[in-house]
Amino acid sequence: MSNAILEMHNITKAFPGVKALDDVNLTVSHGEIHALVGENGAGKSTLMKVLSGIYPVGSYEGDIYFRGEECAFRDISDSEKLGIVIIHQELALIPFLSIAENIFLGNEQARHGVIDWHTTHVKAKKLMDKVGLQESPDVLVTNVGVGKQQLVEIAKALSKEVKLLILDEPTATLNESESGKLLQLLLQFKEQGISSILISHKLNEVEQVADSITILRDGATVETLDCKNGDISEDHIIFGMVGRDLTHRFPKRTVDIGKKVLEVQGWNVYHPLHAARKVVDDVSLNLREGEVLGIAGLMGSGRTELAMSLFGHSYGQNISGTVKKHETIIDVSTVERAIRNGLAYVTEDRKTFGLILDQDIKNNITLTNLQSVTNGLVIDQNQEILHCRDFKDKLNIKCSSILQKTVNLSGGNQQKVVLSKWLFANPDILILDEPTRGIDVGAKFEIYTIINKLATEGKSIIVISSELPEILGVCDRIYIMNEGRIVGEMEAKEASQEKIMKCIMQQAEELKHGTS
Amino acid sequence: MGRLKNIIQGNIRQYGMLVTLIAIMLFFQIITDGILLKPLNITNLILQNSYILIMAIGMLLVIVAGHIDLSVGSIAAFIGATAAVMIVNYQVNFIVTILSCLLLGFAIGVWQGFWIAYIKIPAFIVTLAGMLVFRGLTMVILQGASVGPFPPGFQKISSGFIPDIFAGSDLHITTLLLAVVFSGALIYLDSRKRTKRLQHGFDTSSVSMFLAKNCLITAAIMYLCYLLSSYKGLPNVLVILFVLTIIYTFITTQTVYGRHIFALGGNEKAAKLSGVKTNRMVLLTFANLGLLSALAGLVFAARLNVATPKAGTGFELDVIAACFIGGASATGGIGTVIGALVGALVMGVMNNGMSIMGVGIDWQQAIKGMVLLFAVFFDVYNKSKN
């Protein structure tokens, strides 16, 4: 017990409608690398937010002991004072400040409020050497790559005299060699007595560096494995993460696939700000009537960018390629035209791109197709109400009334409103981007049921998802994307998580050899 | 009882300010020994605030769309000056002048909206530039002097009253008749809406609520028109305001355009991804405000019977304040035309009441500032409570 730097006991954290953490325990020893694994939505990030004080004391139940003392963090600065530093998936750097300024942000090297630039530079340089970052401290953060930005974050953590470093998916956006360097750095820190918690989906990395592994599933601890015994297998971890029988998580459906509906050929998209960066590279795909098509790939592989560029050129610039529907070329250059041609795109980020949170369910649903409830100039609000009640019943949206503001709904019900909104536009082709992100298991099952029903009605559906089990569970056919390209295609019956991951890895290998 | 509480809570932002307005009116009515609601003073109150009310309607749409316009005062001055130069210096027919000035205001709005919607320059900057540009141009075309007076036909826009076809009585009968017709139309529309909702089996307000609401509105309209009719009757500009209020309430609550503006202000990205032509809607809201600012400029010039280089200075602040006091959200997506008008009237009644009391212009400014701050605080507080 005395060897533990951190103990979290019986942590429970509930959001409206979802229990994100249920009685979770986590113990991290002095000077170890502790991996935290689990599926998306298992509660890893939530647990770390509890630990770092983003969710302040009182908003959760349970106890936290750090170096033997009970902690009650009110905000993130409380935990940082003790040396707990978290590095988030989305980096929290200010793009138009220099590396040195970012490292000492909130901790400026100043005398009586005046910044001492000499000390700032000298100290920044020292920290940068420690993490192996070879850049001038004066370079603006926006001008260095993601890998180096990650190192700036770590240097920033070191400047705060970190005792426990938490990294949330640090290698998700890094390439192989950058990832290798980062892991090496963690081992180095371990020698210096800094403990780390590593959250990662990449099990090979976890096995490589972790001393112990805690597995979370559906907001609860499954088990903690000690790697020193050396009998940890990847299969064991995956079983712990997934846990339940995959066949019961996804409703059955009878598949009846018809003729080809959509065909995309030679689709290229460039980054909206960096005109030279190709984000989607020569993608061709097709979709049939009544088919559920999956697009798998890691974060940043270009899936969302592909979908949004197809839907009214909503992303990117210099878009080229053709889109055919029923063998004739269609114009998707504005959202309005895409909708008119029967496309719909259900966003991965429902709060930013999907809903007008301040407005009620009714106004959100009818927005995509107001013309259909309009006589002359006037919106027939009674018609609106009838349509929306219909959706409320069909999709089982739990709300006090369809005049309730969407901001007050739970994630699953918000997602159903977004789905309703796009069904109201009456599309033939629905693109669902991460349709079950951040919603609980029960609501997920309902969403899957809706997807199946739509496919049975003859609609064609594209499902984009980071959760491979989901792709395997709901889709008939799967495209695999990496680095903006389609790198594989397989029937769902023949696919497995390993095969998909292998597909992605192989292409990464090829790229490496191609460039070296 | 719980239902009533729900109704009150749901509408507190909108009706809260209306109740405040009535309270302020009662306060000044008592403290000024009944001068506030004297027919002459009510008429003056309307004439004094008509241009602010007209611009508040347009500003409301811009604010709901998530933008701001600082140039309305300067545009009003510029249009007033243009009209004066055309009519007085070049003897252009005043109807031709009015139409071309409205068109010019619309064009100015399109010009500013273009920079904001398509070039993506923040509205604050574009209209700050516009504020300077059109103030400068006003001085250029007036050559620093005041130009006037206007012919009687033009003055009628703001200082005229509707003719009384039943002349002879002490009371202005036409005004009273119009009030009866207008109240009747409102009651008819509201009851038709209610019947339709009942046919579909939707929730509606109870019969007593319905009756109470309509009785109150009718009483308010009849009382106002009675007061006016015992002076000179309905001012022309009030007729313009009624028509504008009806048109813009209709647009914001009943049409696709209105819905799109609210969607755009609530969440521009989501609106765009739902097929709303966001850029065009932004351009249109600014063009519309340009048009209404031009109208306000004409009304103001006609009221003073002269165009001056300093006309409309500080109007933009009164207009913006009116929208926020009336419950519009500073981040866009929320607001009502009626709310903005109530907000403008709160300011107007306070100006008028304090002037009657002999409060100096210095204190009036300070007190109005505090009212704005507290009204918005009330809004923010209400939201955080939900």
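What share of the contacts in chain B with a separation of 6 or more is accounted for by residues 24 or more positions apart? In this predicted model, the share is 81%. For chain A, the corresponding value is 67%.

Chain B consists of 386 residues, of which 42% count as buried. Its secondary structure comprises 15 helices and 0 strands. A compact globule with 386 residues would have a radius of gyration near 21 Å, and the value for chain B is 21 Å, so the two agree. Taken along the principal axes, the box filled by the C-alpha atoms of chain B is roughly 65 × 60 × 40 Å.

Chain A has 516 residues, and 44% of them count as buried. Both element types are present, with 17 helices and 24 strands. The C-alpha trace of chain A spans about 70 × 55 × 50 Å along its principal axes.

Two of the sheets in chain A are described here. One is an open sheet of 6 strands with mixed pairing, in the order β6-β9-β10-β3-β11-β12. Its edges are formed by β6 (84–87) and β12 (220–226) of chain A; each has a single partner strand, so one side of each is left without a neighbour in the sheet. From one strand to the next, the twist averages 15 degrees.

Within this sheet, strand β3 of chain A (residues 33–37) is joined by 4 bridges to strand β11 of chain A (residues 212–217), and the two run parallel. A further 4 bridges join β3(A) to strand β10 of chain A (residues 195–199), again in parallel orientation. A:L36 has a bridge partner in each of these strands: A:I199 in β10(A) and A:T214 in β11(A). A:V37 stands opposite A:I215 in β11(A). Of the 5 residues of β3(A), 5 are buried, so the strand is largely enclosed by the rest of the structure. Both of its faces are covered, with A:I33, A:A35 and A:V37 buried on one side and A:H34 and A:L36 buried on the other.

The other open sheet of chain A also has 6 strands and mixed pairing, and its order is β18-β21-β22-β15-β23-β24. Strands β18 (343–346) and β24 (485–491) of chain A are the edge strands, each pairing on one side only. The twist in this sheet averages 20 degrees from one strand to the next. Strand β23 of chain A (residues 477–482) runs antiparallel to β24(A), to which 6 bridges join it. In β24(A), A:I486 stands opposite A:M481.

Among the helices of chain A, α9 (residues 303–310) has 8 of its 8 residues buried, so this helix is largely enclosed by the rest of the structure. The buried residues are A:R303, A:T304, A:E305, A:L306, A:A307, A:M308, A:S309 and A:L310. A:G312, which follows α9(A), has a positive phi near 70 degrees.

In soluble globular proteins, nonpolar side chains tend to be buried together. The largest nonpolar core of the model contains 184 residues, and those with the most contacts inside it are B:M55, B:A56, B:M59, B:L60 and B:L298. Helix α12 of chain B (residues 278–304) supplies the largest share of this core, 17 residues. Neighbours within four places in sequence aside, B:L298 is in contact with B:I79, B:G80, B:A83, B:I98, B:C101 and B:I157. Another core, of 62 residues, lies apart from the largest one and includes A:I5, A:A35, A:L51 and A:I213. A:A35 is also one of the buried residues of β3(A).

The contact between the chains takes 26 residues from chain A and 22 residues from chain B. On the chain A side, at least two residues each are supplied by α10 (335–340), α11 (350–354), β20 (378–379) and α13 (381–394). By class, this side has 14 nonpolar, 10 polar and 2 charged residues.

Technical notes. Residues are numbered from 1 along each chain as its sequence is written. Chains are lettered from A and ligands numbered from 1 in the order in which they are written. This is a predicted model: local features need pLDDT of at least 70, side-chain atom pairs count only at pLDDT 80 or more; totals for chains, interfaces and linings use all residues. Two strands pair if DSSP finds at least two bridges between them. Axes are lines fitted to C-alpha atoms, for helices over the stretch in contact, and angles run from 0 to 180 degrees between N-to-C directions. Two residues are in contact if their C-beta atoms, placed from the backbone, lie within 7 Å. Ala, Val, Leu, Ile, Met, Phe, Trp, Tyr, Cys and Pro count as nonpolar, Asp, Glu, Lys and Arg as charged, and the others, Gly among them, as polar. A residue is buried if 20 or more other C-beta atoms lie within 10 Å of its own, exposed if 12 or fewer, and partly exposed in between; C-beta atoms are placed from the backbone. A nonpolar core is a set of buried Ala, Val, Leu, Ile, Met, Phe, Trp, Tyr and Cys residues joined through C-beta atoms within 7 Å. The radius of gyration is taken over C-alpha atoms; the globule rule is 2.2 Å times the number of residues to the power 0.38.
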